[in-house]
Amino acid sequence: MLTLLIAIPLIAGGLCLFVKAEAARWIALVATLINLALGAYLWAAFDPNGAQWQFVENLPLAGNISWALGIDGIALVLIMLSVFLMPICIGASWRSIDKRVPEYMAAFLLMEALMLGVFAAQDLFLFYVFFEGGLIPMYLIIGIWGGAERIKASYKFFLYTLFGSVLMLIAMIYMVTQAKTTSIPVLMAHDFPVDAQKWLWLAFFASFAVKMPMWPVHTWLPDAHVQAPTAGSVILAGVLLKMGGYGFIRFSLPMFPEGSAYFVPLVFVLSGIAVVYTSLVALVQTDMKKLIAYSSVAHMAFVTFGLFAFNQQGIEGAMMVMLGHGLVSGALFLCVGVVYDRMHTREIAKYGGLANNMPGYALLFMVFTMASVGLPGTSNFVGEFLSLVGTYKVSSWAAIVATTGIILGAAYMLLLYWRIAFGVARTPEAAQMTDLSAREWWLLAPIVVGVFWMGIYPESFIRPFRADVARLVERIDRAAPAGDLNFKPGKPQLQAEHHAAEAAH
Amino acid sequence: MFGGLITADLFGSFGKAIIFLASAVAIIAAHGWFERDTEHSAEYSVLILFSALGGAVMVSATSLVTLYVGLELQSLSAYVLASYRRSDDRSAEAGLKYFVLGALASGILLYGISLLYGFTGTMNFNGIAAAFAREGSTSLGLLFGLVFVLAGVAFKISAVPFHMWTPDVYEGAPTPVTAFFASAPKVAAVLLGTRICLDALEPAIEAWRQIVIFAALASIFLGAVAAYGQTNIKRLLAYSSINNVGFALVGLAAGGQQGASSVLFYMAVYVVMTLGAFLCVLWMRDENGEPVEEIAALSGLSQTRPAYAAALAMFMFSLAGIPPLFGFWPKLLVFQAAVNSGLVALAVAAIVGTVIGAYYYLRIIKVMYMDEAAAPFGRVSQPVQGALIFLAALIVSPLGYLLIGPLNKLTDLAASSIF
């Protein structure tokens, strides 16, 4: 089943190389839709109360790598996110990509196969192969179909993330040497010596922090986002960044609980800086994509806050932020793509007053802006609220710093929306732009549905991974850092005696 | 055999299989490259065969004498091959440089051999191992002999600091010959080094390990950094081969059966990647069929010749060791061997080197895929070479992972035969 999920885009990608542009578009669309249907089936067939790992496949390949696939609830929802965003990405590039279409579609489908592989892999080295392999198609997508500075951005993306991951590879080799297995589920229950855990945690952190990205290793992200074509940005923000968070949940926390606990202060400080600093940077951006890219870094900090809170709310919240951010930032990039296709500029100052001539666009953009701000009733509210609650239990200061991020987030997103949609058009071209086409409605409407569904009834998304998060919390509980707000139950009796004594006087 | 001069074990056979296959490819590669009749005469094949024979002796030598004989047979043919294109100044220069420096290296090696012989009284690897075990690595004479022998071998595998000849010779020699240099003699020398270190010098592992670690790291970093400014693809591939030898040496430094096995695996895959890359270089011709070697000539190749560009891109990603291509796996194995022997710091340093090295491989991809198309290459109609490129590309593709099982079994068996 999972093999099929990975094989379909791979085969379709191969096919794309041998056909003309129009056929390649259709092949890509059909393949991603089939994958979406398969993903929906997985979601329906997944039993939240069943075994931890479902749809397990294991085919030993020889040496110490095996084609071992299997998903738990955490992987399931991330797979759903990927297969949901893919057809939208293909649709978004339908007309805006007009050169070398077959190769573009092939690169995208290869990307999808590798992303799904990352979430489904149950073998350490298989995971690494998928994790690293994703660099190649993304490098090509940014480098070939990107904007003016694409070469620099693609190098930066590739080398930055490669540098992060190679240290993880050494850590993996060390783990395999110690534990004598490459199976991720077994390793998740293996206790490494505490000293080794710290080093291993750092090596994995190097990789996931770059991928996530966390401050100060986030600098590749704005460049990559700005230069990538719209669909590339969507998939980058929507899914690739989630690999970092997924890595923390799958590897860092369960495999090195003590190591993770030891570095909680580091993570919190970095995340705190990220929230405040990148939000402030986002405030002064003049390029729409860059603004959203910086907002991604800030949002991802909520994920790290939640994950390293070591409690159920925090980790569930982190998962929800990842899902919500995947939808919302993807949608925001699509919104930028819509106007970029019309005016070929991302300068905020060139737009204005779009609410007048593009009411439909303004409406949808409003929805996504509000979702990004974390308005109750939208997807991001649930996640941010939960992860803040989780963080508050561990460190009230961290929670206070994180909350400023929500305020600043509201500031830059509303500023962006105001400058683009309200007022009068600053350039004549902006005033003449036409409203959303039917294709663009089809791309954005499903995301709107997703955003509200997640905001109003998050249970359908939380249910699959609740048990898995509970298992994770149980596993890491022994190392959980003591919170600074330990409300001790009061002693009413003493108090009462005291009062009684007072009264007696 | 021959009174303990040579042995026919699986280790040697494995090396011979690679050497002979690589030589066959080098002979096939010459077709259509040299001008027929005037240049491409029988001597070419004869010299390649001699050199391959020398390599075969090297990988099965169990005595310092056979080692030297094999090495000289291999090298002398190689000197002539380097200057095979007599009319070309660069080719002659390459041959001369190779010969002068090679002769110096042979001298160093011979001096080392004489020291080892003088202090142990035997030429046989087993005897030398016994002498080292007896005296430990305390004897200065033995240590000097060891250092000189390793220096001679390092020259042959073009490990830093004995690499200086490589870029010049690779650039100047005719491309089919360069393809040969980068594959067969290199495999022979690396395997020879492996056998000496793990057989004859096994008891002195602490002594040679530092040298090998230094050579490995220096090769990796120098190979990665020096390739940065190259504009000639053959020079770039020369630095790439220096870089790759560094990784094989990481496996050797790990020592033990796992280390030897990882070296064998590494060399087998390396030969496929490098031959594939050189065959692609062989096809770089302008409209008149004259060979071009500038990297800039590859601009926009993906638009004019998509399949060709895809194959070269695969070799580049594979040489860089980026998964899911097969070149990743041998790197993983050598790192695994290193970590297993407790050389974690070495593994970390080496893997950081791969990131630096990735930059210049990416540059080739960038030129081919992201730049505007340059003048298209002239067509080369060599179906056999085309099939070879296809085969090599197939092996380095993720499908190559299916080979891990059999190849692993083979390298393990081969490695166990020298212990």
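Predicted model: local features only at pLDDT ≥ 70, side-chain atom pairs only at ≥ 80, totals over all residues.
Which residues are buried in α6(A)? Residues are numbered from 1 along each chain as its sequence is written, chains are lettered from A and ligands numbered from 1 in the order in which they are written, and side-chain values use heavy atoms, with hydrogens and water left out.

**View 1. Helix α6 of chain A and its buried residues.** Leu135(A), Ile136(A), Pro137(A), Met138(A), Tyr139(A), Leu140(A), Ile141(A), Ile142(A), Gly143(A), Ile144(A) and Trp145(A) are buried. Here buried means under 20% relative accessible area, exposed means over 50%, and partly exposed is in between (1.4 Å probe, protein chains only). Because 11 of the 11 residues of this helix (residues 135-145) are buried, α6 of chain A is largely enclosed by the rest of the structure. Helices (H or I, at least four residues) and strands (E, at least two) are DSSP runs, numbered from the N terminus.

View 2. A disulfide is a covalent bond between the sulfur atoms of two cysteines.

**View 3. Two salt bridges in chain A.** A salt bridge is a side-chain nitrogen of Lys or Arg within 4 Å of a carboxyl oxygen of Asp or Glu. Arg95(A) pairs in this way with Glu22(A), with 3.9 Å between the closest N and O atoms. Since Arg95(A) sits in the loop between α3 (73-92) and α4 (101-120) of chain A and Glu22(A) in helix α2 (residues 21-45), the pair ties together parts that are 73 residues apart in sequence. Arg95(A) is partly exposed at 47%, and Glu22(A) is partly exposed at 35%. In the other pair, Lys156(A) and Asp223(A) have their closest N and O atoms 2.8 Å apart. This pair links helix α7 (residues 150-179) to helix α10 (residues 220-227) of chain A, 67 residues apart.

**View 4. A salt-bridge network in chain B.** Glu293(B) forms a salt bridge with Lys234(B), the closest N and O atoms being 3.2 Å apart. Both Glu293(B) and Lys234(B) are buried. The two belong to a network that also includes Arg90(B), Glu93(B), Lys97(B), Asp168(B), Glu171(B) and Arg235(B). Over all chains, the structure holds 23 salt bridges.

**View 5. Where chain B meets chain A.** Contact (heavy atoms within 4.5 Å) joins 34 residues of chain B to 33 residues of chain A. The buried area, meaning the accessible area (1.4 Å probe) that two parts lose on being put together, summed over both, is about 3000 Å², and carbon and sulfur atoms give 81% of it. Val355(B), Leu362(B) and Met370(B) supply 20% of the area that chain B buries against chain A, more than any other three residues. How many salt bridges does the rule find across the interface of chain B and chain A? The number is 0.
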